[in-house]
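Please read it with the model open beside the text.

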Amino acid sequence: MATPFNRKPVNLLCSDDLDSQNFQTAQEAIEELATLADVKLEIRKAPSETAKILLDAGRKAGRKGQLNAHQMLRQLAEKLVAEQTTIPRYDVLLTEADLYAPGLNFLFGVGQPLIGFVFSFHRFKQLPTKKWAQETAKTVIMHEMGHVFNLPIRAELTEENLGTHCLNKCLMRQGLSLNAMQKIAKDRVKGYVLCQLCQEDLIRHFWKKS
Ligand SMILES: [Zn+2]
Ligand SMILES: [Zn+2]
């Protein structure tokens, strides 16, 4: 028998200029991922005040045209983890502004297992069609949420490459460029969503064996 575990609502913290289609894409991405473990999570839009504080911190620590994603993740962890303990939830910060982190030209997103992640839709606008911009962004959101759900947690068929990643044809594999992520998105649309091992890891996150 397995009992439900880790069922926390997902708070979407949105920048004021967030496109409504992008908001919907994020919501669908998280829903679809949870569904793979037969789980339904409440996904809700958080009041914009906290998003504003985190984005300002990223801007202050940032550089021209880009927000410092590590600074925002640090702020998210510092400000929200105490709140997460009293009001259990995962926190996701969504923005249209470009992100980077020291040592990297840009980032799609960055997260912390069990806590949440920071994500930008900015880079996907470079893709030739709106369809692939949406599908690729959706794939990366599923990937980042996967890390929040502790994927992949096993040692088998994984690599350490800016975090633990899957080596199978699976959306938890590492993609460091827009082209690489679009390839993972194309595979996802063809049906290669999570490999069997990552799906088992996801189920392990939400169902405690008793
Ligand atoms: Zn990753
Ligand atoms: Zn996998």
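The points below go from the overall dimensions to the sheets, the helices and a few local backbone features.

1. Basis of the note. This is a predicted model, in which local features need pLDDT of at least 70 and side-chain atom pairs count only at pLDDT 80 or more, while totals for chains, interfaces and linings use all residues. Residues are numbered from 1 along each chain as its sequence is written, and chains are lettered from A and ligands numbered from 1 in the order in which they are written.

2. Overall dimensions. For 210 residues a compact globule would have a radius of gyration near 17 Å, and the protein, with 16 Å, agrees with that; the radius is taken over C-alpha atoms, and the globule rule is 2.2 Å times the number of residues to the power 0.38. The C-alpha trace spans about 50 × 40 × 30 Å along the principal axes. Of the 210 residues, 38% are buried, where buried stands for 20 or more other C-beta atoms within 10 Å of a residue's own, exposed for 12 or fewer, and partly exposed for what lies in between, with C-beta atoms placed from the backbone. Among contacts with a separation of 6 or more, 68% are accounted for by residues 24 or more positions apart, a contact being a pair of residues whose C-beta atoms, placed from the backbone, lie within 7 Å.

3. Secondary structure. The protein has six helices and 12 strands; helices (H or I, at least four residues) and strands (E, at least two) are DSSP runs, numbered from the N terminus.

4. The five-stranded sheet. Five strands, in the order S3-S2-S5-S9-S8, form an open sheet with mixed pairing, two strands being paired if DSSP finds at least two bridges between them. S3 and S8 are the edge strands, each pairing on one side only, and neighbouring strands of this sheet are turned by 15° against each other on average, direction ignored. Helix H2 (residues 48-60) packs on the sheet, where it touches S2 and S5, and its direction makes about 60° with that of S2; such angles run from 0 to 180 degrees between N-to-C directions, and axes are lines fitted to C-alpha atoms, for helices over the stretch in contact. Strand S2 (residues 10-14) and strand S5 (residues 90-95) run parallel and are joined by five bridges, with Asn11 standing opposite Asp91 in S5.

5. The S8-S9 hairpin. Strand S8 (residues 109-112) and strand S9 (residues 116-120) run antiparallel and are joined by four bridges, and Gln112 has Gly116 in S9 as its bridge partner. Three residues lie between the strands of this hairpin, and Leu114 takes a positive phi near 75° there. Leu114 is partly exposed, with 15 other C-beta atoms within 10 Å.

6. The three-stranded sheet. A second open sheet to check has three strands in the order S4-S6-S7, again with mixed pairing; its edge strands are S4 (66-68) and S7 (104-107), each of which pairs on one side only. The twist from one strand to the next averages 45°. S4 runs parallel to strand S6 (residues 98-101), the two being joined by three bridges, and Asn68 stands opposite Tyr100 in S6. Helix H3 (residues 69-86) lies across S4, S6 and S7 and runs at about 45° to S4.

7. The H4-H5 pair. The axes of helix H4 (residues 130-148) and helix H5 (residues 178-190) come within 9 Å and cross at roughly 90°. The two helices are therefore roughly perpendicular, given that angles under 35 degrees count as roughly parallel, over 145 as roughly antiparallel, 65 to 115 as roughly perpendicular and the rest as oblique. On the H4 side the contact includes Trp132 and Val140, and on the H5 side Met181, Ile184 and Arg188. By class, this contact has six nonpolar, three polar and two charged residues; Ala, Val, Leu, Ile, Met, Phe, Trp, Tyr, Cys and Pro count as nonpolar, Asp, Glu, Lys and Arg as charged, and the others, Gly among them, as polar.

8. Local backbone features to inspect. Most residues other than glycine have a negative phi, and most peptide bonds are trans. Asp38, in the loop between helix H1 (20-35) and strand S3 (43-45), has a positive phi near 65° and is exposed, with 11 other C-beta atoms within 10 Å. A cis peptide bond, with omega about -20°, joins Leu151 and Pro152, and Pro152 is found in the loop between H4 and strand S10 (158-160).

Conventions. Two residues are in contact if their C-beta atoms, placed from the backbone, lie within 7 Å.
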